[in-house]
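Visitor: Please show me the model, and then let us go through it by question and answer.

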Amino acid sequence: MTADLFEWIAAAPPAVALRRSALLYIFVNAAHILSIGLLIGAILPLDLRLMGWFQSVPLAVIGPFLSTAAATGLVLAILTGALLFSVRPAEYAENPAFLAKLSLIALGILNAILIHTGKGWRQTLTNELAPPRIRYAAGISFCAWIASLLAGRWIGFV
């Protein structure tokens, strides 16, 4: 069943178009890299601020902005990543670096959901000082997103 799913994904029109057009593949790959840049470029400064760095920067101002920018980068990275995956789904599904990347992304997303759905996030924005639970979660976020970036780079070498 899994092989059939991968064959179906690889035969889908977007996957076929990406395999047939080097230029289209380059643009989708560049969009993926830009999306990752937006995600990482927003989440790491936010995580550092939540961990207690740069306390002179008002969290109530940058927190919502950086959080939204990171979420936008994440959605775009997932969409472009799915397109890139469709080119060789069976190969990627067997790649340990790809599987590690997906696991780390899942950890980062789950962590972000837990941070933002609890009252700790709203209190942190109001009080400008993150409680220990939020600081710890920011540290997990920082590590998970950097590790997912490294795992993504590792895919081509495995």
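Visitor: How many helices and how many strands does the protein have?

Guide: This is a predicted model, in which local features need pLDDT of at least 70, side-chain atom pairs count only at pLDDT 80 or more, and totals for chains, interfaces and linings use all residues. Residues are numbered from 1 along each chain as its sequence is written, and side-chain values use heavy atoms, with hydrogens and water left out. Helices (H or I, at least four residues) and strands (E, at least two) are DSSP runs, numbered from the N terminus. From that end the elements run α-α-α-α-α-α-α-α, and the count is eight helices and zero strands.

Visitor: What share of the residues in the protein is buried?

Guide: Buried means under 20% relative accessible area, exposed over 50%, and partly exposed in between, with a 1.4 Å probe and protein chains only. The chain has 158 residues, and the C-alpha trace spans about 55 × 30 × 25 Å along its principal axes. The buried share is 40%.

Visitor: How much of the accessible surface belongs to carbon and sulfur atoms?

Guide: Accessible areas come from the Shrake-Rupley method with a 1.4 Å probe; for residues, only the protein chains shown count as cover. The accessible surface of the protein comes to about 9,200 Å². Of this, the part belonging to carbon and sulfur atoms is 74%.

Visitor: Is Leu76 buried or partly exposed?

Guide: Leu76 is one of the patch residues and lies in helix H4. Because its relative accessible area is 38%, Leu76 is classed as partly exposed.

Visitor: With which side chain does the side chain of Thr80 make a polar contact?

Guide: A polar contact is a pair of N or O atoms within 3.5 Å; within protein, one must be able to donate a hydrogen and the other to accept it, and residues adjacent in sequence count only if both atoms are side-chain atoms. Thr80 sits in helix H4 and is buried, with a relative accessible area of 12%. Its side chain reaches the backbone oxygen of Leu76 at 2.9 Å. The side-chain partner, at 2.8 Å, is His32.

Visitor: Which residues does Thr124 contact, leaving aside neighbours within four places in sequence?

Guide: Contact means heavy atoms within 4.5 Å. Thr124 is found in helix H7 (residues 119–127), and at a relative accessible area of 0% Thr124 is buried. The contacts of Thr124 are Leu50, Leu59, Leu129, Ala130, Pro131 and Ile134.

Visitor: Why does the pair of Phe6 and Phe85 tie together parts that are apart in sequence, and how many residues apart are they?

Guide: Rings of Phe, Tyr and Trp (its six-membered ring) pair if their centres lie within 6.5 Å; planes under 30 degrees apart count as stacked, over 60 as edge-to-face and the rest as tilted. The structure holds five aromatic pairs, and the one between Phe6 and Phe85 is edge-to-face, 6.3 Å centre to centre with 70° between the planes. Because Phe6 lies in helix H1 (residues 2–11) and Phe85 in helix H4, the pair ties together parts whose separation in sequence is 79 residues.

Visitor: What is the phi of Phe54?

Guide: Most residues other than glycine have a negative phi. Phe54 lies in the loop between H3 and H4 and has a positive value, with phi near 55°.

Methods: Patches are made of residues with over 30% relative accessible area and no salt bridge: like charges are joined within 9 Å, nonpolar side chains (Val, Leu, Ile, Met, Phe, Trp, Tyr) within 5 Å. A salt bridge is a side-chain nitrogen of Lys or Arg within 4 Å of a carboxyl oxygen of Asp or Glu.
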